[in-house]
Amino acid sequence: MSINRKLKSYLPIIIVLAIILYSAAGIDYSEAGNMSFDMVKSVLSGLFHPDWGYVYDGSGEDLLSLLLLTIGIAFLGTVIATVLALPLTFISAHNLWKSNTIVSKIGKFICNVLRAFPELVYAIIFVKMVGPGPFAGVLAIGVHQIGMLGKLYTEEIESMDEAPVESMTAVGANFWQTMFYARLPQLIPTFLSLALNHFEIAVRSAATLGLVGAGGIGAPMIFAIQSRAWDKVGIILFGIIITVFLIDAGTGYLRKKLQ
């Protein structure tokens, strides 16, 4: 009996190890022979000796300009998602449609479909639809975030305290009165906090959308990697790290104020 218990306790570890070994066995290691010490040294040397001249040169294609563009893409995409997620949220919340659960199921299905694909996939689609540039990046982040925020907003509505709503309903308030005077005052701080959190996530996403032509800092980064300009890659990565750190600190401060 003790042996069986030990086997059961070690079974998850054995399964994980088996998956790791199976995955490792399927990797093609033939290209590993092309890596040399000089190559690694060149990469590390470039990354730790960034090209400071690229920070700002007034061309509009420098690091600061492209980081501001990246932040703008993330911000506008998040604003669009925040606004458009609200009506989808009101459709998805089952406690708003107690007499017709089909409506809420349709709303949740739409949220799941929208968030099923990463921003990069949407960016590829929108680049083909509207052409390369920041607008495609804004649309990609906006559409993906509608699904993400819609799901989170729906969960907040469904788990909220219904006592104020029931009290207003008992004295004759209609649906819209309970919505604007009982539900939204409770939900708006949480909604704004979630939007700020997703703006921070959107900045990281927007930094990679340029890889497929959707604007932002990603395009010069991939060009620098392809041309092995590691000093330029180093300053771009440094800029992204600082930008994400500052935005994380700023949004964290605002979220605390909203609590």
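Hi everyone, let's start with burial: 36% of the 259 residues of the protein chain count as buried, where buried means under 20% relative accessible area with a 1.4 Å probe and protein chains only. Please keep in mind that this is a predicted model, where local features need pLDDT of at least 70, side-chain atom pairs count only at pLDDT 80 or more, and totals for chains, interfaces and linings use all residues. Residues are numbered from 1 along each chain as its sequence is written, and side-chain values use heavy atoms, with hydrogens and water left out.

Now, what is the chain built from? The protein chain has 10 helices and 0 strands; helices are DSSP runs of H or I with at least four residues, strands are E runs of at least two, and both are numbered from the N terminus. The radius of gyration of the protein chain, taken over C-alpha atoms, is 24 Å, well over the 18 Å from the globule rule (2.2 Å times the number of residues to the power 0.38), so the chain is more spread out than a compact globule. Its C-alpha atoms fill a box of roughly 80 × 70 × 40 Å along the principal axes.

What about contacts, meaning heavy atoms within 4.5 Å? Among those with a separation of 6 or more, 70% join residues 24 or more positions apart.

Finally, an unreviewed UniProt entry lists residues 67-248 as "domain: ABC transmembrane type-1", and such annotations may be inferred rather than shown by experiment. Over that stretch, the chain is 81% helix and 0% strand, and the end C-alpha atoms are 15 Å apart.

Note on methods:
Buried < 20%, exposed > 50% of the residue type's maximum accessible area, 1.4 Å probe, protein only. Contact = heavy atoms within 4.5 Å.
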